[in-house]
Amino acid sequence: MGTSAKLSTKILKQSATGSLFAHRFVGSSNGPCVALVSGVHGDEWYGPASLNKLIKMLKASDLSGTVIVIPAANPLALAEHSRLDPTCPLDLNRSFVFDKATSPSEHNPLAKLIWREIADADVILDVHSCGVDDCVDHVRMLKEFDSLATSLGVSRALVFEKWPSGLLIDQAFRSGKRALALEFGTSGSLSLRKGKTLTKALMAFLGATKSIPNKEGSRKTPKVAYKHTMAPVEASGIFEQKLPPGLRVKRGDVVGTIRCFQDGESIEIQAPVAGDLLMVRKTGPIGVGNSACTIV
Ligand SMILES: [Zn+2]
């Protein structure tokens with residue numbers, strides 16, 4: 001094991017209202033290259049709050065290999081507390097696709113700047129807070145369960161067969177990296193106690209990657225789902241959440257209602273299958289095709 005890590009901080013994009021920073025810690029002994037990213041959506045604050053604490057802790061850590069930390073990937077969105085960057089309203093987490101055949105015609109240009117910085121990582125963890133949904137804290141992977149997920153200490157894991165293209169972890173997975181996303185906490189809110197839990201979980205994750213000495217020991221394996229069912233709705237209006245995530249539902253249970261924008265009619269949204277509610281849309285506006293819940 002080496003002595004404390006060398007830190008170099010780069011500004012990937014300079015702006016008076018919010019610059020994009022990347023912090024690269026290099027240890028004095030060999031080890032993996034791990035990238036931790038958060039703040040891709042500007043209304044999700046657990047990741048940025050915890051990664052900024054982690055930066056301080058890593059300064060004093062006995063580090064092997066390299067750890068790259070990008071705590072505020074979408075700085076203008078974070079400055080405005082909005083999901084998307086008001087000057088570039090293209091979802092950053094749909095912009096990480098760079099091959100010519102499948103690239104969207106318009107990209108959020110931050111995606112390329114971020115990818116260039118973390119392209120040499122072996123492991124990429126992208127921290128989110130569930131966006132427009134309330135959810136059970138969970139970790140997401142593609143194709144197969146990655147044992148690194150266990151270190152994060154969440155009760156649930158969801159393995160996807162396929163992701164929408166443009167996700168940071170999709171790009172990472174297709175580039176041959178171990179790629180995980182963590183959905184932790186709720187967007188638009190921040191509890192300091194819960195934030196501490198995340199900081200500890202991220203340190204345990206770096207212990208599991210062997211970037212830092214593992215002080216935490218092993219964690220409980222999450223309950224893994226390889227299948228999930230979403231519930232896209234056919235009306236737009238105000239969704240009222242009736243059942244919170246974490247509950248077990250039967251097929252046909254009313255998860256929420258939509259009061260339609262057009263005529264004020266109320267429509268009940270039922271659970272399409274039986275199972276556990278992993279995510280339920282927050283009370284608020286919903287549009288045609290948006291999912292009211294995710295059941296595993
Ligand atoms: Zn997000």
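Is Ser19 buried or partly exposed, and how many other C-beta atoms lie within 10 Å of its own? In this predicted model, Ser19 is partly exposed, because 13 other C-beta atoms fall within 10 Å, and a residue counts as buried only at 20 or more and as exposed at 12 or fewer. Ser19 is placed in the loop that links strand 1 to strand 2. Setting aside neighbours up to four places away in sequence, Ser19 is in contact with Ile11, Lys13, Gln14 and Pro75. Between Ser19 and Thr229 there are 210 residues in sequence and 38 Å in space, taken from C-alpha to C-alpha.

The overall division of the chain comes next. Domain 1 covers residues 6-224 and domain 2 covers residues 227-295. Their C-alpha centres are 28 Å apart. The contact between them involves nine residues of domain 1 and nine residues of domain 2. On the domain 1 side, strand 6 (133-135) and strand 8 (156-160) are the elements that supply two or more residues. Strand 6 contributes the most, with three residues. Sorted by class, this side of domain 1 consists of five nonpolar, one polar and three charged residues.

Nine strands make up an open sheet with mixed pairing, in the order 1-2-4-3-5-9-7-8-10. From one strand to the next, the twist averages 20°. Strands of a sheet are paired through backbone hydrogen bonds, in either the parallel or the antiparallel sense.

With strand 5 (residues 123-128), strand 9 pairs in the parallel sense over six bridges. Within this pairing, Ile124 stands opposite Ala179, and His128 stands opposite Glu183. With strand 7 (residues 138-142), strand 9 pairs in the antiparallel sense over three bridges. Here His138 is the residue opposite Glu183.

How many of the six residues of strand 9 are buried? Six of the six are buried. In a regular strand, side chains alternate between the two faces of the sheet. For strand 9, Arg178, Leu180 and Leu182 lie on one side, while Ala179, Ala181 and Glu183 lie on the other, and both faces are covered. The charged residues Arg178 and Glu183 are therefore among those counted as buried.

The buried residues of helix 1 are Tyr46, Gly47, Pro48, Ala49, Ser50, Leu51, Leu54 and Leu58. An α-helix has 3.6 residues a turn, so residues three or four places apart point the same way. The cover over the buried residues of helix 1 includes strand 2 (20-26), strand 3 (29-38), strand 4 (64-70) and strand 5, together with helix 2 (75-80) and helix 5 (192-208).

Strand 16 is mostly covered, with five of its seven residues buried. Strand 6 runs antiparallel to strand 16, and three bridges join the two. In this pairing, Met279 of strand 16 is the bridge partner of Cys135. Strand 6 is also the element that gives the most residues to the side of domain 1 that touches domain 2. Strand 13 (residues 248-249) is likewise antiparallel to strand 16, through two bridges; there, Arg248 has Asp276 as its bridge partner. Strand 18 (residues 291-295) pairs with strand 16 in the antiparallel sense over three bridges, and Val280 stands opposite Cys293 of strand 18.

Asp253 sits in the loop between strand 13 and strand 14 (254-260). Asp253 is partly exposed, because 17 other C-beta atoms lie within 10 Å. Not counting residues up to four places away in sequence, Asp253 touches Leu243, Gln270 and Ala271. Asp253 and His138 are 115 residues apart in sequence and 23 Å apart in space, C-alpha to C-alpha.

Note on methods: Residues numbered from 1 in each chain as written. Predicted model: local features only at pLDDT ≥ 70, side-chain atom pairs only at ≥ 80, totals over all residues. Domains from an automatic or database assignment. Contact = placed C-beta atoms within 7 Å. Helix = DSSP H or I, 4+ residues; strand = E, 2+ residues; numbered from the N terminus. Pairing = 2+ DSSP bridges. Axes fitted to C-alpha atoms, helices over the stretch in contact; angles between N-to-C directions.
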